[in-house]
Amino acid sequence: MTSDDDPFHDCELDPEAILGTHTFEDVLFTDDTETPVNVLTGETPAHSQATVEEATEFAASIDTETPQIALPASVESQVETQSKPYTAAAFFHFKATGSLERHRAYHAAYEADAFAVDFEANYASGDLVITVERADEA
């Protein structure tokens, strides 16, 4: 197999590292995502008030072929840019999977016909579950 045929040729991890079901705990935006509080009023600024429904609708509205999830934005970015407490990213984003190596491997598997990749985003718990199988076994 040439490197042009191998979807993992640029990956540090091989497919074995991501095959099966993996749960990434507490990585999604939830109703409990930390938001800034104005120390003078004790209130959360309007721009940082959001619901899970709003966050998931935002992620779903991103015009891309890769499914998006809602990840929590840092308190710092919420304050500095007056942004919402969530951001959208590909379901295999390194902030969700914990490493750039896993991000690249999941991306390669998602793009390759040889693999079936599925995910479940549980916004109640904040957990993301990604399942990767060889297409001929799915």
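Let's start with a pair of side chains: E12 and R104 meet in a salt bridge, with N and O 2.7 Å apart. By salt bridge I mean a side-chain nitrogen of Lys or Arg within 4 Å of a carboxyl oxygen of Asp or Glu. E12 sits in the segment before strand 1 (20–24) and R104 in helix 4 (residues 100–111), so this pair ties together parts that are 92 residues apart in sequence. When I say helix or strand, I mean DSSP runs numbered from the N terminus: H or I with at least four residues for helices, E with at least two for strands.

Before we go on, a word on what you are looking at. This is a predicted model, where local features need pLDDT of at least 70 and side-chain atom pairs count only at pLDDT 80 or more, while totals for chains, interfaces and linings use all residues. Residues are numbered from 1 along each chain as its sequence is written, and side-chain values use heavy atoms, with hydrogens and water left out.

How many salt bridges does a search of the whole structure find? The count is three.

R134 has a relative accessibility of 26%, which makes it partly exposed.

Then there is E54 with K84, a salt bridge at 3.3 Å from N to O.

Q49 lies in the loop between strand 1 and helix 1 and is partly exposed at 47% relative accessibility. Which residues does Q49 touch, leaving aside neighbours within four places in sequence? They are T44, E54 and K84, where contact means heavy atoms within 4.5 Å. Q49 and P85 are 36 residues apart in sequence, yet their C-alpha atoms are 7.2 Å apart in space.

Now two residues with a backbone angle to look at. D26 is not a glycine, but has a positive phi of about 55°. You will find D26 in the loop between strand 1 and helix 1, exposed at 59% relative accessible area. Q82 is not a glycine either, and has a positive phi of about 50°. Q82 is in the loop between helix 2 and strand 3, and is exposed with a relative accessible area of 59%.

Let's zoom out to the whole chain. There are four helices and five strands, and along the sequence they follow the pattern β-α-β-α-β-α-α-β-β. The C-alpha trace spans about 65 × 25 × 25 Å along its principal axes. Of the 138 residues, 33% are buried. Among contacts with a separation of 6 or more, 61% come from residues 24 or more positions apart.

Finally, charge. The chain carries 5 positive and 29 negative charges, and their mean positions are 5 Å apart; Lys and Arg count as positive, Asp and Glu as negative, and His and the chain ends are not counted. Each charge is placed at NZ of Lys, CZ of Arg, CG of Asp or CD of Glu.

Where do some of the negative charges gather? D118, E120, E133, D136 and E137 form a patch of negative charge on the surface. Members of such a patch have over 30% relative accessible area and no salt bridge, and like charges are joined within 9 Å. D118, one of them, is found in strand 4 (residues 115–122) and is exposed, at 52% relative accessible area.

Definitions and conventions: Patch = residues over 30% accessible without salt bridge, like charges linked within 9 Å, V, L, I, M, F, W, Y side chains within 5 Å. Areas by Shrake-Rupley, 256 points an atom, 1.4 Å probe, with all protein chains shown as cover. Buried < 20%, exposed > 50% of the residue type's maximum accessible area, 1.4 Å probe, protein only.
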